[in-house]
Amino acid sequence: MCSGRAPLRLQLSVHFEKRVTLSEPTTAPVKIAVPSNIDMIALVGDRDSLLRVVEEAVPGADILVRGNRISVTGAEAPFAVSVLTELIALVERGQALSPEQVQRTVGMLRNGSAESGERPAEVLTLNIVSSRGRTVRPKTVNQKRYVDAIDAHTITFGIGPAGTGKTYLAMAKAVQALQAKQVTRIILTRPAVEAGERLGYLPGTLYEKIDPYLRPLYDALHDMLDPDAVPRLMQTGTIEVAPLAYMRGRTLNDAFIILDEAQNTSPEQMKMFLTRLGFGSKVVVTGDVTQVDLPSGTRSGLRVVREILDGIDDVHFSQLTSVDVVRHRLVGDIVDAYARWDEAHGPGSDTANSNGGPRGRSRR
């Protein structure tokens with residue numbers, strides 16, 4: 001593998017020396033002429049670092065770079081060409097490629113995103129909100145579908161394991177809606193349920209007592225807004241963060257409302273929350289049904305709400321999986337390992353109860 005550094009000014013073209021399909025192995029070279037506006041170092045990486053990520057992720061392809069021409073051979077040559085084409089599109093759209101983006105591009109193509117009409121280049125360049133040089137974007141196809149569903153529906157449920165961006169993306173959409181003046185306030189709430197531990201009586205004022213439960217929401221806000229603006233917006237009521245119990249009796253108009261950790265609501269609490277919806281508002285409910293911390297014998301409202309609301313117009317359920325985990329790679333592996341263990345041993349062999357009780361402290 002070698003890489004030239006003198007970019008020629010040519011149009012993008014892919015030349016197949018014989019007709020191939022993604023499933024048909026080939027040994028004939030497939031050639032790509034990279035467009036003239038593409039910096040080859042931005043595409044292949046310093047010392048070909050990004051190109052090596054592609055070769056490791058697509059071991060059935062051999063990639064040779066000379067100038068701005070790329071030649072691909074091997075059984076997975078057509079697939080490697082698809083990956084390189086998406087990476088070229090990302091660079092053309094101004095994205096600075098990283099090994100993570102390369103790996104996510106390969107993963108999306110392997111999972112059939114192209115067949116479903118969703119190109120990785122479109123997913124990875126969808127900007128939701130930007131702050132202090134950072135931009136929040138979906139990183140997987142399911143995350144993009146979740147974001148699109150929030151735009152298209154009044155009530156959206158984001159259900160999936162830890163690390164899939166359920167709450168973070170919902171917060172980004174809330175900030176985007178506020179900045180676009182689609183809503184006049186953001187309301188963030190979650191049930192104050194302990195995660196398998198007894199914290200005792202906390203000292204301080206009411207807000208100091210509930211602060212540990214709401215801290216993840218504050219952290220996300222500070223990521224997406226100027227830290228100096230957050231206290232001001234909270235003081236004026238433009239942003240409200242409160243425990244779920246404080247929602248009772250209210251009608252929430254012109255608001256973007258997020259219920260986080262919804263697996264820790266009872267069916268009655270879920271009904272109470274959903275019926276707070278007023279005119280001009282959006283609701284996003286997020287949770288993970290495998291991490292229920294309710295007392296034994298209490299059913300999870302998130303586990304039953306899909307059956308209850310099935311068929312109701314303008315309500316959407318987005319399902320995220322371990323493939324959508326955007327934390328450390330091991331988080332997705334851990335989620336899959338627990339799912340396999342539950343499938344093999346059955347729900348009655350851990351601490352879960354049949355009504356949706358707690359599933360063990362190790363799930364946190």
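The model is predicted: local features need pLDDT of at least 70, side-chain atom pairs count only at pLDDT 80 or more, and totals for chains, interfaces and linings use all residues. Residues are numbered from 1 along each chain as its sequence is written, and side-chain values use heavy atoms, with hydrogens and water left out.

- Strands (E, at least two residues) and helices (H or I, at least four) are DSSP runs, numbered from the N terminus.
- Buried means under 20% relative accessible area (1.4 Å probe, protein chains only).
- E3 runs antiparallel to strand E4 (residues 69-73), and 5 bridges join them.
- Val-72 of E4 is the bridge partner of Ile-63.
- The hairpin has 2 residues between its strands, and Gly-67 takes a positive phi near 60° there.

**Aromatic pair**
- The count is 1 aromatic pair.
- The ring centres of Phe-157 and Phe-317 are 4.4 Å apart and the planes lie at 10°, so the pair is stacked (centres within 6.5 Å, planes under 30 degrees apart).
- Phe-157 is in strand E7 (residues 155-159) and Phe-317 in strand E12 (residues 315-319), so the pair ties together parts 160 residues apart in sequence.
- Phe-157 is buried at a relative accessible area of 0%, and Phe-317 is buried at 14%.

Notes: Pairing = 2+ DSSP bridges. Phe/Tyr/Trp six-rings, centres within 6.5 Å; stacked < 30°, edge-to-face > 60°. Buried < 20%, exposed > 50% of the residue type's maximum accessible area, 1.4 Å probe, protein only.
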